[in-house]
Amino acid sequence: MLYRHTLRVREQVGIWEDNNTGSFDTAGKGKSALLAAAYRSIKAEVYGQTEDQVIAVFHDFEKFFDTIDIPILIEKAIELEFPILDLALTITQHMAPRIIQCDSFCSKPILVNRSILAGCRHSVALTRVLMLTGITKINIEHPLVSTDVYVDDTAMLTYGERQESLDNITNAVIDFAKFAHSMHLKLSHKGVIVAKIQQVAKN
């Protein structure tokens, strides 16, 4: 309770997020996953009526919050000048021993070496710390592929001539996979590929 009250009265993380939320981040203030999906649908609808090919890849991480590497998270937070006191308080809370409760019985304390608590007020801010640099780089290096992120769900969309679109999305996906690997994150098999022509999606 003391930790939660502390987060409510401190404004430093909110200020940091205002200054470090990428244009690709669809979970920012005034944004929503529904709005992001609507924009993608409009693009797909418009380009789908032309001769252009439209390809989208929807990535998902396997147990994202449970597999976050804390040393990497701290390293990225320092690089991006995340408020150091808030980082220390949050990491201390997230790494504290946890107890499982069931029918009023409590387990022995369990030490946690990875993961952050998804319900924490700062959890989304910590995901921004983890994703900001990598996704920014992907968008710069692959300008013909629009890469958007909603917390941990990442969507890539491109359009154009068939082979060019395939090449663009393939190269972007490979770089995204490399980024995920460098963060020690595992992509889920639930990821989906959609395209204007079914055979293109299968390719």
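Q: Is Ser 188 buried or exposed?
A: In this predicted model, the relative accessibility of Ser 188 is 13%. Buried means under 20%, so Ser 188 counts as buried.

Q: Which residues is Ser 188 in contact with, leaving aside its neighbours within four places in sequence?
A: Let's start with where it sits: Ser 188 is in the loop between helix H7 (162-182) and strand S6 (192-195). A polar atom of its side chain lies 3.1 Å from the backbone nitrogen of Lys 190. Beyond the neighbours within four places in sequence, the contacts of Ser 188 are Asp 60, Phe 61 and Glu 62.

Q: Which helix gives the largest share of the lining of the largest cavity?
A: The structure has one cavity of 30 Å³ or more, and the volume of the largest cavity is about 80 Å³. Its lining has seven nonpolar, three polar and two charged residues. Five residues, the largest share of that lining, come from helix H6 (residues 123-141).

Q: Which element gives the most to the lining of the largest pocket?
A: The largest pocket has a volume of about 340 Å³. Among its 14 lining residues, Tyr 3, Arg 4, Gln 93, Leu 117 and Cys 120 are the closest to its centre. Helix H1 (2-9) and helix H5 (84-94) each give two or more residues. With four residues, the element that gives the most is H1.

Q: Where does the largest share of the lining of the second largest pocket come from?
A: This pocket holds about 230 Å³ of space. Helix H3 (33-48) and strand S4 (145-150) each supply at least two lining residues. The largest share, five residues, comes from H3.

Key
Residues numbered from 1 in each chain as written. Predicted model: local features only at pLDDT ≥ 70, side-chain atom pairs only at ≥ 80, totals over all residues. Heavy atoms only, no water. Buried < 20%, exposed > 50% of the residue type's maximum accessible area, 1.4 Å probe, protein only. Polar contact = N/O pair within 3.5 Å; in protein donor to acceptor, adjacent residues only side chain to side chain. Contact = heavy atoms within 4.5 Å. 1 Å grid on protein atoms, 1.4 Å probe; cavity = no way out; pocket = protein on both sides within 12 Å on 5 of 7 lines; lining within 4 Å. Points joined across faces, edges and corners; volume = space filled by probe spheres on them. Nonpolar A, V, L, I, M, F, W, Y, C, P; charged D, E, K, R; others polar.
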